[in-house]
Amino acid sequence: MKERIQNETPTETRCCAEHECEGCNLCSLPTYRYIADVSSDGDEPERRRREAIAAATCLTEALVDHLNVGVAQAYVNQRKLDHEVKTLQVQASQFSKQTAQWISMVEGFNQALKEIGDVENWARSIEMDMRTIATALEYVHKGPLTSASS
């Protein structure tokens, strides 16, 4: 058995003759291979115990690898979400600035309309004053003419 283990490549390492554990990282370790070689004296319970340990190790590694795939996907998704959050924050900030500009423009337009209204009222007031002055001048101008002709 020692010859078989030493002649195999690390990806084909087996923890014992009966149990094939391909791709198992623990079974490829020199210490584990030594334990498998030393205890291969034919003791059936020990052999079964080693097989059970090797199978449990392979199962544990498979489960951990499966979980790591999920964790890696969650990490990738979290990074995507973080990127989207940053993008959304930038866009929200830009929208807020643009909205503030729009509000400023509307307020300026509103103020201009008020000023136009004020100018219109001022113009009406001036017009009324001018009519009053024109009427007074007309009255003054006609008044002496009528008294001079009589």
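Q: What makes Val119, Trp122, Ile126, Met130, Ile133 and Leu137 a nonpolar surface patch?
A: Together these residues make a patch of about 630 Å². Patch residues have over 30% relative accessible area and no salt bridge, and nonpolar side chains (Val, Leu, Ile, Met, Phe, Trp, Tyr) are joined within 5 Å. A salt bridge is a side-chain nitrogen of Lys or Arg within 4 Å of a carboxyl oxygen of Asp or Glu. Areas come from the Shrake-Rupley method with a 1.4 Å probe.

The model is predicted, with local features needing pLDDT of at least 70 and side-chain atom pairs pLDDT 80 or more, while totals for chains, interfaces and linings use all residues. Residues are numbered from 1 along each chain, and side-chain values use heavy atoms, without hydrogens and water.

Q: Why is the pattern of the chain written α-α-α?
A: Helices are DSSP runs of H or I with at least four residues, and strands are runs of E with at least two. The chain has 3 helices and 0 strands, and reads α-α-α along the sequence.

Q: What share of the chain counts as buried?
A: Buried means under 20% relative accessible area; 13% of the 150 residues count as such.

Q: Where is confidence lowest and where is it highest?
A: pLDDT is the predictor's confidence in each residue, from 0 to 100. Helix H1 (residues 2–7) is lowest at a mean of 42, and H3 is highest at 90. Over residues 1–19 pLDDT stays under 50. Where pLDDT is low, predicted coordinates should not be read in detail.

Notes
Buried means under 20% relative accessible area, exposed over 50%, partly exposed in between (1.4 Å probe, protein chains only). Patches are made of residues with over 30% relative accessible area and no salt bridge: like charges are joined within 9 Å, nonpolar side chains (Val, Leu, Ile, Met, Phe, Trp, Tyr) within 5 Å. Contact means heavy atoms within 4.5 Å.
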